[in-house]
Each structure stands twice: as C-alpha cells, then as structure tokens.
Amino acid sequence: MTPEGKALSNIVILGFGFMLMFTAFQTCGNIEQTVIKSLNNFTASGYTSMSIIYGVFSASNLVAPSVVAVVGPQLSMFFSGLLYSAYIAMFIQPRVWSFYTASVLVGFGAAVLWTAQGNVLAINSTDTTIGRNSGIFWALLQFSLFFGNLYIYLAWQGHDHISEKDRQTVFISLTVISLIGCFLFFLIRKPDPSEPTPSETSEAPLHTESTDSASVSGPPRRSLCTQALDAFVKACKLSVTKEMMLLCMPIMYTGLELTFYSGVYGTCIGAMTRFGHDAKGLIGMSGILIGVGEILGGGVFGILNNNRLGRNPVVLLGLLIHYLAFYLIFLNIAPDAPQAPEEGTDLQAYMTPNVGVALFCSFLLGLGDSCFNTQLLSIIGFLYKEDSAPAFAVFKFIQSIMAAIAFSYSNVLQLPWQLLLLVVTGFMGTLSFFLAEWLVVAKRRDSDYDSI
C-alpha cells in the first residue's frame with residue numbers, strides 16, 4: 001500500500017474507533033440526567049458529573065502532550081478508551097462515589113485521547129488533505145450519535161419510567177461497544193522508517209511508541225522526561241501565538257454549544273412529558289437527528305470542501321444555522337426545562353410545545369456544530385502541523401473549560417439566559433475566526449511569493 005493509501009486507511013480506522021467509543025459515551029451523556037432522575041436515593045447530578053469531567057479535562061490538557069510524547073498516540077488512545085468504558089459501566093450498578101470518581105478519571109482520559117487523536121490526524125495529512133481528512137473523521141465520529149440514540153429510541157419508546165432492567169441492558173451494551181472501539185486503535189499502522197510521512201513533518205517523537213529503538217542513522221533518542229517537558233513547553237508557547245489567541249473565542253463557543261446539544265437540550269426534550277409526548281423516545285430521536293446534522297455537515301463541509309472559498313463561509317453558515325435553532329428553541333421550549341423534574345414542567349414558552357419543531361432544532365444544532373468543528377480541525381491542523389499534539393491539547397483545554405462552566409450553570413440558569421450566552425459568544429467567535437483565517441491566507445500568500 002502506498003504511503004497516501006496507508007494514511008487514509010489510518011484516518012478511517014481512527015474514525016471508526018471513535019465512532020464506536022462515542023456511540024457509547026455520547027449516548028450515555030445524552031441520557032444520564034434522565035436516567036439519574038429515575039433512580040431512587042441517588043443524590044448525584046448528571047450536570048455536576050459533566051462539569052467535573054470537563055473541568056478535569058481542561059486541567060489535564062496541560063500534561064496530555066507529555067503523556068502522548070512518552071507513551072505514543074496509539075497506546076494513549078487505548079488506555080484513555082478504557083477509562084471511558086469504565087465510566088459507562090458504572091451505570092450498570094450506580095453509586096454516588098463511583099459516579100464522581102469515574103467522572104474525574106474520564107476527564108483525564110479525555111485530554112489524552114483527544115490530544116493523541118489530533119496528533120494522528122495531523123501526521124496522516126498534508127496541506128491538501130487536512131480538510132478532507134478532518135471531514136472524514138468528523139463524519140465517522142458523528143455516526144455515534146445516530147446509532148446510539150437509535151437504540152435508545154427503539155428500546156425506550158413508550159416508557160414513562162426507566163426500569164432497572166432497561167438501564168442495565170442499555171449500559172452493558174454501551175460498555176461492550178466502547179471496548180470494541182478501544183481495540184480498533186491497534187489497527188492503526190505507523191509509516192515504515194523508509195517512507196516519508198504524508199505530512200512530511202518533524203513529529204516522529206510523538207508518533208513513535210516509546211518502546212521503539214532509535215534509528216541507527218538518526219540522532220540519539222531523547223529521554224522520556226525531555227520529551228515530556230518539550231511537549232509541555234510547546235503547548236504553553238502555542239497558547240500565546242496570535243493565531244491561537246484569535247481561535248480562542250470560536251473554540252470557547254464550541255465548548256458552550258457542546259454542553260447545550262449533548263446534555264441540556266436532551267433534558268429539555270424530556271421536559272415535554274406533561275404535554276402528552278413520549279419524552280423518553282424523543283430523547284433518542286433528538287440524538288439521532290443531531291447525529292444526522294453532524295454527519296451531513298462533516299460530509300458536505302469537510303469531505304467535499306475544496307477550500308476554494310476558504311473556511312469563513314462555512315463558519316458563517318454554521319452561526320446562522322445555530323441562530324435559527326436558538327430562536328425556535330426559545331419559542332418552543334419552556335424556560336425552566338433544563339431544571340425540570342422527570343415528570344416534566346407545567347410552564348410553556350411562546351407557543352404550544354411542538355415535537356416537529358423540537359426535533360428540527362436537534363438537526364440544526366448538529367449541522368451548525370459540524371460547520372464550526374470541521375473548520376477548527378482544519379485550520380489548527382494546517383497552522384500547527386509540526387506541533388499538532390500540543391496545538392490540539394490547547395484546543396481541547398479551552399473547549400473543555402467552557403464546557404465545564406456551561407454544565408455548572410446548567411443546573412441553575414434558565415433556558416433563555418443560556419441561549420443568550422450562546423448567541424453572544426457565537427457572534428464574537430465567528431468574527432474572531434474570520435481574523436484568524438485571514439492571517440492564514442496572508443501567510444500562505446507570503447509563502448507563495450517567497451518560493452518564486
């Protein structure tokens with residue numbers, strides 16, 4: 001197989017591994033608050049758990065590049081995946097202490113997992129394939145929302161209360177699916193030493209497992225401590241570059257809206273119970289349509305995007321799609337829906353709650369999210385190709401901090417205020433992304449002139 005073919009194969013395997021893992025984990029996150037409400041004498045909160053996860057996630061991104069540098073991306077993703085599986089398995093026999101302990105562990109695992117993912121994506125891409133590969137990975141990843149929530153919809157349709165048997169059946173299945181995804185990472189192949197990597201970068205220390213022997217003709221291998229320290233220093237330096245500082249605002253926005261569509265909106269859908277709707281089935285259907293939007297966006301704006309128009313039009317389209325969704329949600333969903341009990345809410349928004357509108361908004365949330373994320377993956381992979389692991393660690397550091405903040409205020413802040421925060425942050429993030437993209441275009445033009 002040619003180096004280009006091997007690189008594409010690696011991207012596809014990476015996407016399938018993440019698809020299976022997040023079929024389990026994102027489905028778990030989408031339904032966990034609803035599941036917790038159905039438990040007796042269980043005082044923990046799903047919002048608090050997700051806040052802990054993203055808080056630890058953000059802090060752990062400071063050391064994640066060092067871990068990936070020492071262990072290697074393949075083993076980093078495998079062991080991180082095991083922590084995800086343990087978190088899901090906890091719901092088979094839930095305890096408050098194990099719930100919060102697993103939240104801390106999966107927060108650390110998430111930082112290492114996504115840093116390693118960014119490393120694998122970058123070293124298997126070139127300047128011309130980074131957009132395509134980002135789209136392929138994103139589309140495969142978002143199939144997770146489709147398959148997991150389809151199962152929830154079929155299994156829980158018509159159920160007003162989640163029984164212990166229903167809960168255990170779902171979470172045993174999700175744990176097994178997550179473990180299969182972990183083992184898929186071992187199918188990712190390293191380029192042969194004689195072959196140039198598709199990205200032709202200097203990322204060999206991050207791509208090579210720590211057990212590999214140094215090349216006879218190459219420089220002496222650095223100590224593990226030196227590799228770890230170098231990765232940490234690079235992450236700190238990259239965080240204060242002009243481009244990364246401009247990208248902070250759109251990354252912050254993706255953190256806030258990640259919390260909204262992956263946790264808060266599912267709870268809002270569940271609050272429609274008192275208006276005669278099968279809320280438990282709707283949660284699954286909502287997740288399916290979010291996934292359809294993510295997959296469609298990943299395909300159209302990632303795989304099929306040839307970058308002739310640049311990334312800015314895609315990001316602007318994503319913002320407009322989200323604004324439409326936020327407006328319809330404001331009209332359709334009760335203001336206290338995020339904090340409503342299992343039996344739903346008696347309050348009503350500005351229109352009679354409509355299932356079709358609610359599900360259409362699910363699709364719009366997924367479609368708009370894919371616009372932002374595919375372009376962020378593309379621009380970061382292009383800008384920091386030679387330092388992809390530290391760069392993606394900074395990306396996830398910022399995103400996870402905002403997700404943690406959003407999950408913490410979701411317990412108390414009513415829906416209209418959450419939507420207002422999303423509207424303001426989305427606008428500022430889009431403007432900031434435009435400036436970063438213009439810098440990229442200017443750098444590329446200067447590089448073209450220098451090569452003449």
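Predicted model: local features only at pLDDT ≥ 70, side-chain atom pairs only at ≥ 80, totals over all residues.
Author: Residues are numbered from 1 along each chain as its sequence is written, and side-chain values use heavy atoms, with hydrogens and water left out.

Reader: How are helix H12 and helix H13 oriented to each other?

Author: Helices here are DSSP runs (H or I, at least four residues) numbered from the N terminus. The axes of H12 (residues 312-332) and H13 (residues 355-383) come within 8 Å and cross at roughly 155°, where axes are lines fitted to C-alpha atoms over the stretch in contact and angles run from 0 to 180 degrees between N-to-C directions. Angles over 145 degrees count as roughly antiparallel. H12 and H13 are therefore roughly antiparallel.

Reader: How many nonpolar residues has the contact of H12 with H13?

Author: Contact means heavy atoms within 4.5 Å, and the residues of H12 that meet H13 include Val314, Leu324 and Phe326. Ala, Val, Leu, Ile, Met, Phe, Trp, Tyr, Cys and Pro count as nonpolar, Asp, Glu, Lys and Arg as charged, and the others, Gly among them, as polar. Beside 5 polar and 1 charged residues, the contact has 18 nonpolar.

Reader: How many charged residues are in the contact of H10 with H13?

Author: H10 and H13 pack at an angle of about 155°, with their axes 10 Å apart, and are therefore roughly antiparallel. Among the residues making this contact are Glu243 and Glu257 of H10 and Asp369 of H13. Alongside 16 nonpolar and 3 polar residues, the number of charged residues is 3.

Reader: Which orientation does H4 have to H7?

Author: The axes of H4 (residues 73-89) and H7 (residues 164-184) come within 9 Å and cross at roughly 180°. That makes the orientation of H4 to H7 roughly antiparallel.

Reader: Which residues lie closest to the centre of the largest cavity?

Author: A cavity is a set of points on a 1 Å grid over the protein atoms alone where a 1.4 Å probe fits but cannot get out, and its lining residues have an atom within 4 Å of a point. The structure holds 9 cavities of 30 Å³ or more, and about 380 Å³ of space lies in the largest cavity, a volume being the space filled by probe spheres set on the points. Of its 27 lining residues, the closest to the centre are Phe22, Gln26, Tyr54, Leu258 and Tyr261.

Key. Helix = DSSP H or I, 4+ residues; strand = E, 2+ residues; numbered from the N terminus. Parallel < 35°, antiparallel > 145°, perpendicular 65-115°, else oblique. 1 Å grid on protein atoms, 1.4 Å probe; cavity = no way out; pocket = protein on both sides within 12 Å on 5 of 7 lines; lining within 4 Å.
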